[in-house]
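Welcome! Here is a short tour for anyone meeting this structure for the first time. Take a look at the model, and then we will walk through it together.

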Amino acid sequence: MTKHVSPEAQADLFRDDILAGLLKDRKVVSSKWLYDDVGSHLFEAITELDAYYPTRTEISILERNAKKYRRLPGARGAMVELGSGSSRKTDLLLDAFPDLSVYMPIDISANHLKAAAERVRRAYPSLAVIPVAADFTQPFGQLPLLPELPVLIFFPGSTIGNFEKSEAAALLSNIRSAMPEASLIIGVDRPKDAQVLQDAYDDPAGITAAFNQNLLQRINRELDGTFDLAAFAHKAVWNVSESRIEMHLESKAQQTVTIAGETVAFAKGETIHTENSHKYSEDAFEGIAHEGGWQITDVDSDENNWFSVYTLQAA
Ligand SMILES: C[S@@+](CC[C@H](N)C(=O)[O-])C[C@H]1O[C@@H](n2cnc3c(N)ncnc32)[C@H](O)[C@@H]1O
């Protein structure tokens with residue numbers, strides 16, 4: 001796991017990844033780069049929107065089942081959270097797990113992670129809180145050693161849906177290899193009415209658009225970019241055959257942009273593909289979990305069957 005990467009190394013990774021993605025025939029940027037300080041705050045604002053059903057739906061499932069998850073051995077040991085963001089959902093588990101001794105949130109958005117970890121420390125003073133600013137798609141080898149405790153991994157937010165199916169299975173496999181004895185509680189969004197999905201990713205207040213466009217501002221800020229934000233439109237597209245919402249930034253005109261000294265050309269209508277959010281039926285998710293070396297031992301959903309929280313163990 002790339003832990004505490006120096007700001008210089010992180011800046012190099014960002015530049016190389018952005019340029020590689022924007023110089024492809026089909027321009028694409030990993031959604032992990034949407035989350036700098038500004039992006040993390042905008043994501044929090046998205047989770048408050050009426051149209052953004054995933055957060056409140058997952059919270060309702062966690063509220064109903066947190067006490068049941070207390071039976072997992074890791075609830076009396078260490079909880080590792082992947083993509084912890086503001087750690088708000090975590091409180092539901094922390095309240096239900098009085099015997100938990102260690103909480104290790106892992107997130108790529110370092111300042112946001114630090115603030116969230118400080119809040120958790122204040123709210124749960126007997127808990128050892130060990131934040132790790134890292135990219136969880138990198139090998140987990142450099143994670144700080146956990147004491148000899150049972151581990152529970154918490155991976156909420158349907159963040160697993162941001163990965164291509166083969167990448168999702170590979171990530172689950174890496175997690176399993178790093179923590180083979182652990183249980184994994186993972187939140188996964190499900191397919192549903194196309195309009196509900198569309199509204200969740202393209203709200204009328206334009207918060208999701210601002211979240212998406214912040215990527216261009218981030219490139220301007222950190223890579224001397226010359227993006228004109230008004231020249232790119234936020235697009236959310238339901239791709240039925242892939243069962244995923246795609247977010248794109250569409251160039252409104254033929255134009256060139258300079259990034260870190262390189263020129264990138266855009267045709268009118270050309271897009272940068274900035275995020276996927278796959279929606280998995282139970283069968284589809286079971287296939288990915290299985291490919292990643294996990295078996296589903298429990299599944300909890302809401303009354304509409306819009307979202308599921310799975311409990312997994314190594315197969
Ligand atoms: C969809 S948000 C979910 C946030 C929160 N867990 C929730 O459920 O509301 C994804 C979170 O994962 C983090 N993230 C995305 N890609 C990551 C990566 N490759 N490594 C570490 N964190 C990542 C983001 O910074 C963000 O906090």
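## A question to begin with

From which domains does the shell around the ligand draw at least three residues each?

## The chain as a whole

Please note that this is a predicted model. The chain holds nine helices and 14 strands.

How does the radius of gyration fit with a compact globule? For 315 residues, such a globule would have a value near 20 Å, and the chain has 19 Å, so the two agree. Buried residues account for 42% of the 315 residues. If you take the contacts between residues at least 6 apart in sequence, 72% of them join residues at least 24 apart.

## Two domains

The chain splits into domain 1 (10-49 + 194-278) and domain 2 (53-192 + 279-314). Taken over C-alpha atoms, the centres of domain 1 and domain 2 are 26 Å apart. Where they touch, domain 1 puts in 18 residues and domain 2 puts in 20 residues.

Let us look at the side of domain 1 that touches domain 2. Helix 2, helix 7 (194-201) and strand 12 (271-278) are the elements that give two or more residues to this side. Helix 2 gives the most, with five residues. By class, the residues on this side of domain 1 are five nonpolar, seven polar and six charged.

## Around the ligand

Now back to the opening question. The shell around the ligand takes at least three residues from domain 1 and at least three from domain 2. There are 20 residues around the ligand, and those that come nearest are Lys32, Tyr35, Gly83, Gly85 and Gly157.

Which elements each supply at least two residues of this shell? They are helix 2 (37-47) and strand 3 (102-107). Helix 2 gives the most to the shell, with three residues.

What classes of residue make up the shell around the ligand? The shell has 10 polar residues, together with six nonpolar and four charged ones.

Definitions and conventions. Residues numbered from 1 in each chain as written. Predicted model: local features only at pLDDT ≥ 70, side-chain atom pairs only at ≥ 80, totals over all residues. Helix = DSSP H or I, 4+ residues; strand = E, 2+ residues; numbered from the N terminus. Rg over C-alpha atoms; globule rule 2.2 N^0.38 Å. Buried ≥ 20, exposed ≤ 12 C-beta atoms within 10 Å, placed from the backbone. Contact = placed C-beta atoms within 7 Å. Near = placed C-beta within 6 Å. Nonpolar A, V, L, I, M, F, W, Y, C, P; charged D, E, K, R; others polar. Domains from an automatic or database assignment.
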